[in-house]
Amino acid sequence: MIFLASGDVMIFVINTYNESYDKIEIPKLLDDTIITTGYITNSYLLSAVSKNVNLLLDNNTSSNKRKRKHSALSNSEGSKKNTGKSQPSTAAPPPPPKVNKVKTFVLVTGDNRIVAFNRFHGEKCYQLNHVDKFTENLSLGFFDPNQSTVDPFIKQIMLNELGDKFDTKDEYLTILTIGGEIYMYKLYFDGENYFFKKEKDLTITGAPDNAFPYGTSIERRLVYFPNLNGFTSIFVTGVIPYLILKTVHSIPRIFQFSK
């Protein structure tokens, strides 16, 4: 994946058999969209809508139904974190369908939207709604080609599994802003489609440790480690580095290195 100063992006796939490169065409809806960064991953995010795009049809009944499901799942997760076990009065998250992950391309636009599509997209392109406001829930919607004011503040994103070798790993969307703040969202299945729920109480913020000019002496970036002593983890570079890990049945844990 190559990002150009013009706001364009070029994606290539390597053919190891004959040592050649093939270019992957992005959806035409993105032709006039400024792209600032992106990520390539294997994910469940588009598994449901790829089979049934009608899940995203905008009608009040389905929208309100999904909001109630997301609220119920959030309450269930909150009960687990506070008591260590599920409460009988809350709904347990439904099991996701047994499907394989698909290669997913995730791009960030100049007006701070996160766009997703797969390799065989058939000109279909989706976006996570309200990313620019960092709302509690991020749901999938059809991509809107109408851009807002271009004022990028998302510096880097990752969509990866976090966990250890003894537990089923969960997918997390990690967002690093230009100011140095880090937001994390966990991927859930609501019985019909996938959505992201924000993780709370993260300790990685921007100022004062990442403020100019002190914070620019070592750039803050996200680095993914697929196997760090049995853990999948994210290392955060900077004047004060951090390591993000997730153990069995816990929220992500943030470990700060000394100055």
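K155 is partly exposed, with a relative accessible area of 24%; here buried stands for under 20% relative accessible area, exposed for over 50%, and partly exposed for what lies in between (1.4 Å probe, protein chains only). This is a predicted model, in which local features need pLDDT of at least 70 and side-chain atom pairs count only at pLDDT 80 or more, while totals for chains, interfaces and linings use all residues. Residues are numbered from 1 along each chain as its sequence is written, and side-chain values use heavy atoms, with hydrogens and water left out.

**Salt bridges**

The partner of K155 is E219, and the two form a salt bridge, a term that asks for a side-chain nitrogen of Lys or Arg within 4 Å of a carboxyl oxygen of Asp or Glu. K155 sits in strand 9 (residues 154-164) and E219 in the loop between strand 12 (194-198) and strand 13 (222-228), so this pair ties together parts that are 64 residues apart in sequence. Helices (H or I, at least four residues) and strands (E, at least two) are DSSP runs, numbered from the N terminus. E219 is also partly exposed, at a relative accessible area of 45%.

The salt-bridge count comes to 10; three of these pairs are listed here.

| Pair | Closest N to O distance |
|---|---|
| E219 and K155 | 3.1 Å |
| D111 and R113 | 3.2 Å |

For D111 and R113, both residues are buried. E171 belongs to strand 10 (residues 170-177) and K101 to the loop between helix 2 (60-83) and strand 5 (102-109), so the pair ties together parts that are 70 residues apart in sequence. E171 is buried, with a relative accessible area of 5%, whereas K101 is partly exposed at 25%. Along with E161, these two residues are linked in a network of salt bridges.

**M158 and its contacts**

Strand 9 also holds M158, which is buried with a relative accessible area of 4%. Leaving aside residues up to four places away in sequence, M158 touches Y39, Y172, L173, T174, L222, V223, Y224 and I234; contact means heavy atoms within 4.5 Å.

**An annotated stretch**

An unreviewed UniProt entry places the feature "transmembrane region" at residues 222-245; UniProt positions follow the numbering used here, feature names are shortened, and annotations may be inferred rather than shown by experiment. In the model, residues 222-245 are 0% helix and 71% strand, and the end C-alpha atoms are 13 Å apart.
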